[in-house]
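Colleague: I'm new to reading structures, and I'd like to learn how to look at one. Could you walk me through it?

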Amino acid sequence: GAFHTALMAPARAAVEAALAGVTLHDPRIPVYSNVTAAPFTSKGEVAGLLARQLCEPVQWETTVKRLIGEGKSKLFELGPGAQLKAMCKRIDNAVWKDFTNVQP
């Protein structure tokens, strides 16, 4: 699909406009960006990075490896399906075995 590619560039302005009308706060817990594979550090960078993720590759593997490297070995997938868990199996088998899917 077109997600996370330059084909989504026309939608970026609409996302930026929508986010401009939202009050954002500094994260109280680590929330990792799909674009940088690093936690958001302030509310000032959240909107820009959310808009960028429409057009840039998702850093899924890098993010998971960073989480594991930072000692976070218990991961959760919220919602139906188990796609994230399946992708995690290719990254770290021990984390995959302890991965939890939370169904609605």
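Modeller: Let's begin with what covers the buried side of a helix. This is a predicted model, and in it the cover over the buried residues of α3 includes α4 (83-89).

Colleague: Which residues of helix α3 are buried?

Modeller: Helix α3 spans residues 60-69, and its buried residues are T63, V64 and L67. They lie on the same side of α3, because the arc they cover around the axis is only 95 degrees.

Colleague: What follows α3?

Modeller: G71 does, and its phi is positive, near 85 degrees.

Colleague: Which residues of α2 are buried?

Modeller: For α2 the list is V46, L49 and A51. Part of what covers them is α1.

Colleague: Let me step back for a moment. How many helices and strands does the chain have?

Modeller: You'll find 5 helices and 2 strands. Read from the N terminus, the order is α-α-α-β-α-α-β. Along the principal axes, the C-alpha atoms fill a box of roughly 40 × 35 × 30 Å.

Colleague: And how many of the residues count as buried?

Modeller: The chain has 104 residues, and 21% of them count as buried.

Colleague: How should I think about a nonpolar core?

Modeller: The general idea is that in soluble globular proteins, nonpolar side chains tend to be buried together. Here the largest nonpolar core has 7 residues: Y32, V64, L67, L75, C88, V95 and F99. Apart from neighbours within four places in sequence, L75 is in contact with V64, L67, C88, V95, D98, F99 and T100.

Colleague: Now a loop, please. Where is A38 found?

Modeller: A38 sits in the loop between α1 (9-20) and α2 (43-52).

Colleague: Is A38 buried or exposed?

Modeller: Buried means under 20% relative accessible area. A38 comes out at 16%, so A38 is buried. Skipping neighbours within four places in sequence, A38 has contacts with V31, Y32, S33 and R66. Look at R66 in particular: A38 and R66 are 28 residues apart in sequence, while their C-alpha atoms are 7.9 Å apart in space.

Colleague: S33 was on that contact list. Where does S33 lie?

Modeller: S33 is also in the loop between α1 and α2. With a relative accessible area of 2%, S33 is buried. Its side chain reaches the backbone nitrogen of V35 at 3.0 Å. Not counting residues up to four places away in sequence, S33 touches A38, F40, L49 and T63.

Colleague: What about aromatic rings? How do I describe a pair?

Modeller: In general, a pair of aromatic rings is described by the distance of the centres and the angle of the planes. This structure holds 0 aromatic pairs.

Colleague: Then which residues lie over the face of W96?

Modeller: K85 is one of them, at 5.6 Å from the ring centre. K89 lies over the face of W96 too, at 4.3 Å from the ring centre. Both figures are within the 6 Å limit for a charge over a ring.

Note on methods:
Residues numbered from 1 in each chain as written. Predicted model: local features only at pLDDT ≥ 70, side-chain atom pairs only at ≥ 80, totals over all residues. Heavy atoms only, no water. Phe/Tyr/Trp six-rings, centres within 6.5 Å; stacked < 30°, edge-to-face > 60°. Lys NZ or Arg CZ within 6 Å of the ring centre and 35° of its normal. Helix = DSSP H or I, 4+ residues; strand = E, 2+ residues; numbered from the N terminus. Buried < 20%, exposed > 50% of the residue type's maximum accessible area, 1.4 Å probe, protein only. Contact = heavy atoms within 4.5 Å. Polar contact = N/O pair within 3.5 Å; in protein donor to acceptor, adjacent residues only side chain to side chain. Core = buried A, V, L, I, M, F, W, Y, C linked by side-chain atoms within 4.5 Å. Arc of directions from axis to C-beta.
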